[in-house]
Every structure is written in C-alpha cells, then in structure tokens.
There are 2 protein chains.
Amino acid sequence: MGMEKQHSMEDENSEYLYHPDILKKLDFGKSPAKFNPCISAAHPGEDWMVVRPLQRADYDKGFLQLLSQLTSTGSISRKQFDERFTQMKSAGGYYVTVIEDKRISKIIGAATLTIEQKFIHNCSVRGRLEDVVVNDTYRGKQLGKLIVVTVSLLAQELGCYKMSLDCKDKLIKFYESLGYKLEPGNSNAMNMR
Amino acid sequence: MGMEKQHSMEDENSEYLYHPDILKKLDFGKSPAKFNPCISAAHPGEDWMVVRPLQRADYDKGFLQLLSQLTSTGSISRKQFDERFTQMKSAGGYYVTVIEDKRISKIIGAATLTIEQKFIHNCSVRGRLEDVVVNDTYRGKQLGKLIVVTVSLLAQELGCYKMSLDCKDKLIKFYESLGYKLEPGNSNAMNMR
C-alpha cells in the first residue's frame, strides 16, 4: 500500500502540462536562428539539460523562483500552483515549456506558448510567446535562443498562422535574429492597467 | 413533437458564448472614454440596438461577413462555426461580444476579449483585445468606442491585471482616448508568419 501510494504520487508529480513527444519532432533546421554549436530541444547541448513541458513537480524545482526574475509572482502556494496547472491543462492551449538542469533538479529557463482560437482565417489559431526567462548564470549556453525557438517551432507544428510577441526595444534585434518582424505601421503594443 | 423540436432548436440557436448578465453590470463611468451622447452596453443609444455575447444564431446574422471586413475569414461552414463556438465555450476565456441591429437581425459590430491564465502576479489573468470591427455604414453612433469600452470594462470585471492590444499607427489616438497607453521602451509588437 505504502509503495503504491508513493508510486501514484510520483506519477502525479511527473504529470506534464502537454504531451512531451511533440518537442522531439521539432525541426530546428526550419528556424532562421543560428546556433553555434548546433543544438535543439531534443539535443540541448549538455547531457544534464532537458527541454520539456512544465510538470507539477516543477513547483519544487524553482519554476516560480525563476519566473520571479521576470516580474512579480507573489507568494504562490502549492495548492494555487496545482489549481492553475489543472485549469491550464483542462482549458487547453497552454504550452509552458522549461529547461531543467538535471544535476541539481532546477528549472533554468522557461517560455510559454499560448494558442488562441479564432474565427478568422478559416477558424485558424494564433500563437503568442509569453513569459520568457532564463537563469543568467547559464550564459553562453544559448538557452534564450533555445527556449524561444522551441516554442516558436511548436506554434508552427500546432498550425498557428501567426506567432506574436510584445517586447522591449532592447530585445528587438534578438527576436529579429529568430525570425520575428516589426510590421511597418502595424507594430504597436498598447496596454491598460 | 414538432413544436418541441422547434423550441429546442431555438434554444440552441440563442445559446450564448458567455453569460449575458455580466454586460449589464459594467460601469461605463469607470472608463476614461468620453461618450456624447452618453451610452453604455446596457443602453446603447437606440432601442433597436443590443450589445450582447456572440450566439450560435449569429452565423445567420452576418457575423462572419462583418469579420471579413477586417481580414480574410475564408468560407466557414455552419459546422465549422458550431465546432469553433463549442471549443471556445468549453475552453473558457473567450468573450466574443457583438452589437446587433435588431430591426434587420444583423451583427453590426464585434470585438473579442480573450483571457489568458498566468502564473505571474499570483496566478493572475491577462486580457487581450482582438478582432474589433464595426460596420462603417453606422458611422456617428460611437459603435467602435462602445464595443471596445464594453470588452475593456469586462476585462476589469473579470479581474485582469492588464488589458493589451496590438494596433496600427493610425489607431493609437483612438485607443489612447479609451485609456490604453504605449509604454516607453516597451511597446513593440512583433510577428512571425
């Protein structure tokens, strides 16, 4: 009984937000990004590194601490995290993707693809890149490029007619190098808070 | 039997994408937008006009024809429309909102609020304004302002910490008058197609 219970808790913790196999299929040759050396989601360059969907267990692997390097996360309890994970999974369209350093069981990079269902373009879908963050003690490993290209190729794989992002001025060149464009006369991101 | 069947079909056609009562609660006094004369979602200024959630029956009320004034919609069958409506409703977070001219049973304005679930900001939610379109033969009725303010207040009502949109240069002033801002150094919308 004890063993069984532990086993089922492990299963629950290793539950993915979306099916991990889709990341193995991504063709990094289709991206305009230049990697040196050549890496991909399936082969991220170090054997202690893995690119995969968010898991429930990532609450204990520093996922929220990493996000807090990006913006305020507040104090999120395990229950809140679990509920949000469940809500995202049941709604569908949430592809939170992470890079783990398996030597220390820590999340060191993350980016989210969200998929928005449309009526336009023959009931098409549109992708959005959100909440990109990389632990900056891992500089030189191309992790920013790796995580962004991963979710960008994932958007293509899922049939998005367009993938969009909002960014600061200083990040324009980085995203241009990955294939994103400012469209003349039509590139304003406005907010109301 | 015949009567009953007809009745249930009517029920199905009048099915809303989201609960219409929430639109009645919106306080237009909270918006920085100036209306002249004063109108709101509950009182859109003409007794033949109604602001409400998208309904299944809107397939027959020119909703897609209106959208095609905005961009390509392709040729969407009733089955495709129904499936997308069902998918949006079951996923949750899709607030497609329309204005109908009840004299002729036609949709004359539309805007979509989508709600994105986040981990950041204490598992908060973010709103996005999408696919705004108004039939331009109804100029002078403030319909553009009416539909955008409606979904912007709806985003607030639903607890969004931020409401975002992408727009063309020529629309910046319009959205500024409704409370949206370009944030210095952080207002770039980029796309990959």
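Q: What is the area buried between chain A and chain B, and how much of it do carbon and sulfur atoms give?
A: In this predicted model, the area buried between chain A and chain B is about 5900 Å², and carbon and sulfur atoms give 49% of that value. Three residues, A:Phe119, A:Met190 and A:Met192, together supply 17% of what chain A buries against chain B, which is more than any other three residues.

Q: Which numbers of residues are in contact between chain A and chain B?
A: On chain A there are 63 residues in contact with 63 residues of chain B, where contact requires heavy atoms within 4.5 Å.

Q: Why is the pair B:Lys118 and A:Glu130 called a salt bridge?
A: The name applies when a side-chain nitrogen of Lys or Arg is within 4 Å of a carboxyl oxygen of Asp or Glu. The closest N and O atoms of B:Lys118 and A:Glu130 are 2.6 Å apart, so the pair meets that cut-off. Across the interface of chain A and chain B the same rule finds 12 salt bridges, and by class the side of chain A that touches chain B has 28 nonpolar, 20 polar and 15 charged residues.

Q: How do you know how the two copies are related?
A: Chain A is superposed on chain B by a rotation of 180° with 0.0 Å of shift along the axis, at an RMSD of 0.0 Å. The two copies are therefore related as by a two-fold rotation axis. In chain A, the C-alpha nearest this axis belongs to A:Ala91, at 2.1 Å from it.

Q: What makes the salt bridge of A:Lys89 and A:Glu15 a tie between parts that are apart in sequence?
A: The closest N and O atoms of A:Lys89 and A:Glu15 are 2.9 Å apart. Because A:Lys89 lies in helix α4 (residues 78-91) of chain A and A:Glu15 in the loop between α1 and α2 of chain A, the pair ties together parts that are 74 residues apart in sequence.

Key:
Residues are numbered from 1 along each chain as its sequence is written. Chains are lettered from A and ligands numbered from 1 in the order in which they are written. This is a predicted model: local features need pLDDT of at least 70, side-chain atom pairs count only at pLDDT 80 or more; totals for chains, interfaces and linings use all residues. Side-chain values use heavy atoms; hydrogens and water are left out. Buried area is the accessible area (1.4 Å probe) that two parts lose on being put together, summed over both. Ala, Val, Leu, Ile, Met, Phe, Trp, Tyr, Cys and Pro count as nonpolar, Asp, Glu, Lys and Arg as charged, and the others, Gly among them, as polar. Copies are superposed by least squares on the C-alpha atoms of residues with pLDDT of at least 70 in both. Helices (H or I, at least four residues) and strands (E, at least two) are DSSP runs, numbered from the N terminus.
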